[in-house]
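Thanks for coming. Please have a look at the sequence and the model, and then I will go through a few places in it.

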Amino acid sequence: MEYTDTRDGSVRTDLKTAVLSGMNPATGGLYIPVRIPRLDDALLNKCYGPSFRDVAFETAKLYCADEIPDSDLQEIIADCYPFNAPVVPVDPVTYILELFHGPTCAFKDFGARFMARLMAYFNREEKKPLHILVATSGDTGSAVGSAFSGVEGINVTILYPKGKISYLQEKQLSTFTGNVRSLAVEGNFDDCQRLVKTAFTDTALRKKFRLSSANSINIARLLPQSFYYVYAALSVKCRSLHDNKIENPSIIAIVPSGNFGNLTSGLIAQKMGAPITGFVAATNVNKTVPDWLASGRYEPRESKSTLSNAMDVGAPSNHERITAMYTRDELKQFVASYWTDDEGTLEGIASCHERTGYIIDPHGAVGWQAWYNIRKGAMLKLMSGFPNSSENPGLTANIPFWAQSILDNKAVGIVLETAHPAKFGETVKRATGREPAIPDRLEKILNLPDRSVSIKNDYAEFSKWLQKNLSGY
Ligand SMILES: *Cc1c(COP(=O)(O)O)cnc(C)c1O
């Protein structure tokens with residue numbers, strides 16, 4: 001499989017280079033496959049639910065086959081995914097795809113674990129260790145730290161804004177041991193990112209150490225997220241007639257979005273042949289993409305804080321990948337978009353709980369709210385000629401080709417639940433009156449000692465710390 005770049009289509013490179021370098025340093029572009037491969041018909045036509053790991057292996061093979069032998073890839077997949085992605089029916093036309101069963105209880109485990117193992121695999125013959133620097137505002141850092149924990153030949157330094165993330169998130173980041181360390185920066189997320197970027201351009205530092213990044217622009221985080229779309233769509237296709245008495249339903253994936261990596265992975269899965277009819281891109285008030293779909297103007301902006309904080313992105317970097325795959329007019333054919341505010345998010349948690357008994361987290365709730373409103377009138381209103389103004393929370397004014405299937409009750413939705421509700425216990429309690437139960441793997445962390453080191457928002461101090469601490473390896 002060859003890879004190219006969003007900014008220069010003549011670029012050709014292999015998976016190893018794309019994974020180890022993250023982005024193309026020559027153009028600043030993001031790597032994408034030259035051509036999206038198609039899944040085997042035997043997999044697509046299986047009419048029993050295949051297992052998640054089978055799907056992951058069959059899908060990964062299409063991207064890795066010339067660089068990783070099957071037996072190695074099988075081992076990598078087994079090591080990545082000792083957990084599943086359950087598809088839970090909650091009402092006759094809604095499934096929740098639970099993506100929080102990994103070690104850090106958010107969907108980023110799917111991408112981070114695969115990326116960590118591919119990096120280790122491609123790095124295995126190197127003598128010098130690889131040092132990963134990552135700035136995080138929450139879930140990314142813990143998923144990356146956990147994914148690389150104990151991985152030989154690779155060390156990770158996580159920078160996070162001290163006191164600016166939730167208690168549980170800070171606990172997750174500050175309790176790593178061994179090859180993963182964290183720095184609590186006296187500043188905000190942008191300051192952390194700036195320190196990391198400065199380190200990457202510091203030639204003296206780069207001469208001494210092999211540095212790499214692990215943020216969400218890495219193709220090795222995007223590809224594995226397509227595994228669970230393929231898995232969920234095939235599962236729902238197989239069981240829908242039985243569950244819902246709907247023959248050949250439109251299958252709509254509802255994706256709570258921030259940086260739009262998750263949605264991009266869905267678009268890739270669909271191109272590979274997964275039976276996904278359409279998408280709903282659901283955001284909080286950081287609605288750069290819904291506004292772009294509505295108006296045609298792409299206007300990145302400062303992010304605003306919300307209850308679904310992992311989606312607080314005003315300048316989503318994967319927009320560049322999406323537009324390398326589709327024009328806006330093409331997207332409008334099959335992608336609906338929806339945004340809501342904190343009030344709508346709380347309402348989503350409460351309504352999901354009241355109507356189905358399911359406790360959803362504030363990120364998934366943005367998706368639930370979108371799907372619920374679409375089927376309870378928003379799509380009908382739009383089709384009857386009364387579009388919602390993009391100033392107000394609600395459905396963006398474009399009618400996807402599958403809209404009629406909603407009115408005809410021939411559509412089923414898969415709402416992606418991106419985090420465990422216990423990570424956002426206070427918000428869930430505000431909406432439902434009940435604190436969600438904390439899973440063991442989160443509870444354990446609460447009793448571990450904090451090990452993060454505080455530093456000032458100052459590059460000289462950061463580089464001194466790196467010089468002193470990275471040499472130990
Ligand atoms: C990162 C994250 C998102 C947003 O995903 P993108 O790929 O950035 O769109 C949504 N929910 C949770 C819980 C996250 O951690």
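Phe52 sits in helix H3, which spans residues 52-64. Keep in mind that this is a predicted model. Is Phe52 buried or exposed? Phe52 is buried, because its relative accessible area is 1%, and the cut-off for buried is under 20%. Which residues does Phe52 touch, once neighbours within four places in sequence are set aside? Its contacts are then Tyr81, Phe83, Asn84, Ala85, Phe110, Phe227, Tyr228 and Tyr231. For a sense of distance, take Ile254, 202 residues from Phe52 along the chain. The C-alpha atoms of these two residues are 20 Å apart.

Next, the ligand. There are 15 residues around it, and the closest are Lys108, Asp139, Gly258, Asn259 and Thr418. Sorted by class, that shell holds six nonpolar, seven polar and two charged residues. Now the individual atoms. A polar backbone atom of Asn259 is 2.8 Å from an oxygen atom of the ligand. For Asn262, a polar backbone atom also lies 2.8 Å from a ligand oxygen atom. Thr418 uses its side chain: a polar atom there is 2.8 Å from a nitrogen atom of the ligand. On its own the ligand has 380 Å² of accessible area, and the protein covers 96% of that.

Last, helix H7, residues 167-174. How many of its eight residues are buried? Six are, so the helix is mostly covered. The buried ones are Leu168, Gln169, Lys171, Gln172, Leu173 and Ser174. Their cover includes helices H6 (139-148) and H19 (440-446), along with strands E6 (154-161) and E7 (180-186).

How values were computed: Residues numbered from 1 in each chain as written. Predicted model: local features only at pLDDT ≥ 70, side-chain atom pairs only at ≥ 80, totals over all residues. Heavy atoms only, no water. Buried < 20%, exposed > 50% of the residue type's maximum accessible area, 1.4 Å probe, protein only. Helix = DSSP H or I, 4+ residues; strand = E, 2+ residues; numbered from the N terminus. Contact = heavy atoms within 4.5 Å. Near = heavy atom within 4 Å. Polar contact = N/O pair within 3.5 Å; in protein donor to acceptor, adjacent residues only side chain to side chain. Areas by Shrake-Rupley, 256 points an atom, 1.4 Å probe, with all protein chains shown as cover. Nonpolar A, V, L, I, M, F, W, Y, C, P; charged D, E, K, R; others polar.
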